Amino acid sequence: MNELTLFCKSLKKNFIPKICDPSKPVRCWPEKDVLGGKIVDAYVIIFRTRGCSWAHKSGCTMCGYFNDSIWNKVSNKDLLKQFDIAMESYNDERFVKIFTSGSFLDDNEIKPIIRNEIMGKLVEKADKVSVESRPEYITDEKLSKIKDVFQSKTFEISIGLETANDFVREHAINKGFTFNDYKKAVQTVKKNGFKLKTYVLIKPLFLTEKESIEDSTNTVDKIKTHTDTISFNPTNIQRNTVVEFLWKRKQYRPAWLWSIVEILKTSKKLARNVMIKCDVVGGGSIRGAHNCEKCNQKFLDAIANFSLSQDTKVFEDLDCKCREQWLDQLDMENLSFGSLVDFSSRYQ
Ligand code: SF4
Ligand SMILES: [Zn+2]
């Protein structure tokens, strides 16, 4: 194991999972999404599982999802109970998104028999179901079983590639797989006729703001022919992570919303036929991507609008005095080796 991997592992050594009811999901809620080019109602379910197997080994530098996991085996009965509870608030939304804070296709998190039961029930109601998985669990055997269930309905698999750059993925994210692993998984997804969504991380650790803009747009260029959707995730500061460790020492600042807008505009130009989205978790807060207090909300609204409409015109009227500070950072950050503090007093 390299030092970063060991450090990710060490941060979980004294982790005490929250005491929570294993028969209840983490959260479920309705939201808007796009299906067949139209804005539709979607329903999101987050299952509480034993957690991502990669997080059990060491985990990614920015990922604190394990904080919501039971970190211990969850029985088949409890997982089905979680699903039943989630379905009590389900209102026939056409699009259902399933998260496990890990991989839905990992048998250690969800046994095949439970996976098939959940899929079988959802396919009767929804037109599209979306799940997440690391590439190593995307096998022909698993997908062909899902294909039997889904037939004419749409099934989407999301992979957290984060960046097309293997060096950054290994040394800044500790992701534990390569761009080639991703491409192999893509082939399996396509072979089975499923849709693919790829998550790209905005501002991994150790990259300057400028480098992270380049890394994101280079990634779009490399994956645009592989994926149907690109979903950008700007890094937010989650508990018990390497990112939090460095952020507390003023060695990391979440991305500027200015940078995100720049990335979205360039990405849409580079990949016109790919659906481009961005979910700014914790946006506008000290732990999330932010500009200044005056313009945060305007930017977040524009990014949310763009994610549904795909129209970059929503960014045209955005302006604020903090643009100069953002541009200064892009110019100066190389000199400070990434340790620039937030300019806005609230964030210092
Ligand atoms: S980002 Fe994904 S792969 Fe990495 S530890 Fe978190 S859940 Fe696991
Ligand atoms: Zn501003």
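Here is a short chat about how helix 10 and helix 11 meet in a predicted model, and about the chain around them.

Modeller: It's a predicted model, where local features need pLDDT of at least 70, side-chain atom pairs count only at pLDDT 80 or more, and totals for chains, interfaces and linings use all residues. Residues are numbered from 1 along each chain as its sequence is written, with chains lettered from A and ligands numbered from 1 in the order in which they are written.

Biologist: Why is helix 10 called roughly parallel to helix 11?

Modeller: The axes of helix 10 (residues 257–270) and helix 11 (residues 296–309) come within 10 Å and cross at roughly 25°. Angles under 35 degrees count as roughly parallel, so helix 10 gets that label with helix 11.

Biologist: Which residues of helix 10 and helix 11 meet?

Modeller: Leu257, Ile260, Val261 and Leu264 in helix 10 meet Asn296, Phe299, Ile303 and Phe306 in helix 11; contact needs C-beta atoms, placed from the backbone, within 7 Å. These residues split into 7 nonpolar, 1 polar and no charged. Ala, Val, Leu, Ile, Met, Phe, Trp, Tyr, Cys and Pro count as nonpolar, Asp, Glu, Lys and Arg as charged, and the others, Gly among them, as polar.

Biologist: What makes the radius of gyration of the protein chain agree with a compact globule?

Modeller: The rule, over C-alpha atoms, is 2.2 Å times the number of residues to the power 0.38. For 348 residues a compact globule would be near 20 Å, and the protein chain has 20 Å, so the two agree. Its C-alpha trace spans about 55 × 45 × 35 Å along the principal axes.

How values were computed:
Axes are lines fitted to C-alpha atoms, for helices over the stretch in contact, and angles run from 0 to 180 degrees between N-to-C directions. Helices (H or I, at least four residues) and strands (E, at least two) are DSSP runs, numbered from the N terminus. Angles under 35 degrees count as roughly parallel, over 145 as roughly antiparallel, 65 to 115 as roughly perpendicular and the rest as oblique. Two residues are in contact if their C-beta atoms, placed from the backbone, lie within 7 Å.
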